Amino acid sequence: MGERESAERVAEAKPTRAAKGGGSGKPETRLAMVRRARRINRELAEVYYYAHPELDFENPFQLLVATVLSAQTTDLRVNQTTPALFAAYPTPEEMAAADPERLEGLIRPTGFFRNKAKSLLGLSAALRDRFGGEVPDNLEDMVSLPGVGRKTAHVVLGNAFGRPGLTVDTHFGRLVRRWKLTEQTDPEKVEAEIAEIIPKSEWTMFSHRVVFHGRRICHSRKPACGACPITHLCPSYGEGETDPEKAKKLLKYEMGGLPGQRLKPPADYPGQPAPPLGAE
């Protein structure tokens with residue numbers, strides 16, 4: 001499926017709202033909610049068959065560093081920044097010994113560069129001193145690293161080590177609440193509740209699909225409801241633009257015919273790669 005075909009399929013989605021209790025007006029049972037959640041996952045898997053982590057990386061250390069840098073900025077800006085960073089400091093040992101001012105200068109485009117530099121120096125030193133220069137492959141050790149929380153740990157464990165995990169970022173939390181799969185706002189509570197609904201083997205890919213959908217169609221302030229492929233499963237249909245033509249103009253990245261966030265996207269990505277820093 002190419003870029004145009006994928007976007008057209010989304011734009012032709014039928015805007016039929018998912019009614020509680022199957023249209024009876026009764027509250028949705030937990031069993032019905034679980035079935036709906038799993039169907040959302042299956043249908044998003046068809047739309048975003050190319051879903052992937054939107055950070056460029058070649059090894060666990062690079063993904064860990066990139067994920068730390070991604071706080072309060074876009075994956076695009078991180079991907080435009082990391083080539084020079086990893087050219088200068090390709091290993092934990094080299095990054096741990098970096099001159100702080102030079103490191104700050106290299107990561108300045110990602111924002112909050114002083115705090116991020118401290119985290120990178122700290123986690124690199126910890127990897128060097130406690131883990132033989134290797135990124136640990138378990139949650140307990142991962143979250144013991146400076147600047148690394150559960151979200152960052154799950155990104156690395158799921159995508160660099162194949163260990164299933166739910167990545168509860170802003171997009172993920174917003175969408176699962178919009179879909180009425182949880183009412184929780186605390187990320188750990190959201191993670192716990194969704195973990196009971198979605199099979200463990202699907203946790204990592206479900207996270208990618210939800211984030212892809214949130215970034216491309218189901219926006220925070222103005223979701224493109226009229227171009228959404230899962231309106232029949234969404235109890236919040238109508239919160240955004242329902243006119244198909246107007247909604248189509250709200251689509252982002254490959255869905256809107258625009259470049260994606262990765263400079264080096266996977267081979268099955270149907271869109272265009274992102275431009276390098278300064279070439280936008």
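A residue counts as buried when its relative accessible area is under 20%, as exposed when that area is over 50%, and as partly exposed in between. Keep this rule at hand for the exercises below, which work through a predicted model.

**Exercise 1. Burial in a salt bridge**

Task: Decide whether R209 is buried or exposed, and describe the salt bridge between R209 and E202.

Solution: 
- Step 1. Start with the contact itself: the side chains of R209 and E202 form a salt bridge, with 2.7 Å from N to O.
- Step 2. Apply the rule to the arginine. R209 has a relative accessible area of 10%, so R209 is buried.
- Step 3. Now look at bridges that share partners: they join E54, D75, R215, R216 and E254 into one network.

**Exercise 2. Salt bridges across the sequence**

Task: Work out which parts of the chain are tied together by the pair E196 and R30, and which by the pair R163 and D137.

Solution: 
- Step 1. The structure has 14 salt bridges. One of them joins E196 to R30, whose closest N and O atoms are 3.6 Å apart.
- Step 2. Check accessibility. E196 has a relative accessible area of 59% and is exposed, while R30, at 48%, counts as partly exposed.
- Step 3. Turn to R163 and D137, whose side chains meet in a salt bridge of 3.4 Å, N to O. R163 belongs to the loop between helix 9 (150-160) and helix 10 (170-178), and D137 to the loop between helix 7 (113-130) and helix 8 (139-142), so the parts tied together are 26 residues apart in sequence.
- Step 4. R163 is partly exposed at 41% relative accessibility, and D137 is partly exposed at 34%.

**Exercise 3. Aromatic rings around Y50**

Task: Explain why the pair of Y50 and F212 is classed as edge-to-face, then find the residues that ring pairs link into a cluster.

Solution: 
- Step 1. A pair of aromatic rings is described by the distance of the centres and the angle of the planes.
- Step 2. The model contains 6 aromatic pairs. In the pair of Y50 and F212 the ring centres are 5.9 Å apart and the planes stand at 65°. An angle over 60 degrees counts as edge-to-face, so that is the class of this pair.
- Step 3. Locate the partners: Y50 is in the loop between helix 2 (30-47) and helix 3 (60-69), and F212 is in helix 12 (residues 203-216), 162 residues apart. Both Y50 and F212 are buried.
- Step 4. Y50 also forms an edge-to-face pair with Y269, at 5.7 Å centre to centre and 75° between the planes. Y269 lies in the segment after helix 13 (244-248), and the two residues are 219 residues apart. Y269 is buried, as is Y50.
- Step 5. R216 lies over the face of F212, 3.8 Å from the ring centre.

**Exercise 4. The packing of helix 9**

Task: List the buried residues of helix 9 and the helices they pack against.

Solution: 
- Step 1. The buried residues in helix 9 are T152, A153, H154, V155, V156, L157 and G158.
- Step 2. These buried residues pack against helix 3, helix 8, helix 11 and helix 12.
- Step 3. Continue just past the helix, where G162 takes a positive phi of about 70°.

**Exercise 5. Pocket and cavity**

Task: Describe the largest pocket and the largest cavity, with the residues nearest each centre.

Solution: 
- Step 1. The largest pocket holds about 800 Å³ of space.
- Step 2. Its lining has 32 residues, and D75, D169, H171, V211 and R215 lie nearest its centre.
- Step 3. Helix 9, helix 10 and helix 12 each give at least two residues to that lining, and the largest share, 6 residues, comes from helix 12.
- Step 4. The largest cavity has a volume of about 90 Å³.
- Step 5. The largest cavity is lined by 14 residues, with C218, P223, C225, C228 and C234 nearest its centre.

Technical notes. Residues are numbered from 1 along each chain as its sequence is written. This is a predicted model: local features need pLDDT of at least 70, side-chain atom pairs count only at pLDDT 80 or more; totals for chains, interfaces and linings use all residues. Side-chain values use heavy atoms; hydrogens and water are left out. Rings of Phe, Tyr and Trp (its six-membered ring) pair if their centres lie within 6.5 Å; planes under 30 degrees apart count as stacked, over 60 as edge-to-face and the rest as tilted. Helices (H or I, at least four residues) and strands (E, at least two) are DSSP runs, numbered from the N terminus. Buried means under 20% relative accessible area, exposed over 50%, partly exposed in between (1.4 Å probe, protein chains only). A charge sits over a ring if NZ of Lys or CZ of Arg is within 6 Å of the ring centre and within 35 degrees of the ring normal. A salt bridge is a side-chain nitrogen of Lys or Arg within 4 Å of a carboxyl oxygen of Asp or Glu. Contact means heavy atoms within 4.5 Å. On a 1 Å grid over the protein atoms alone, a cavity is a set of points where a 1.4 Å probe fits but cannot get out, and a pocket is an open set with protein on both sides within 12 Å along at least five of seven lines; lining residues have an atom within 4 Å of a point. Grid points are joined across faces, edges and corners, and a volume is the space filled by probe spheres set on the points.
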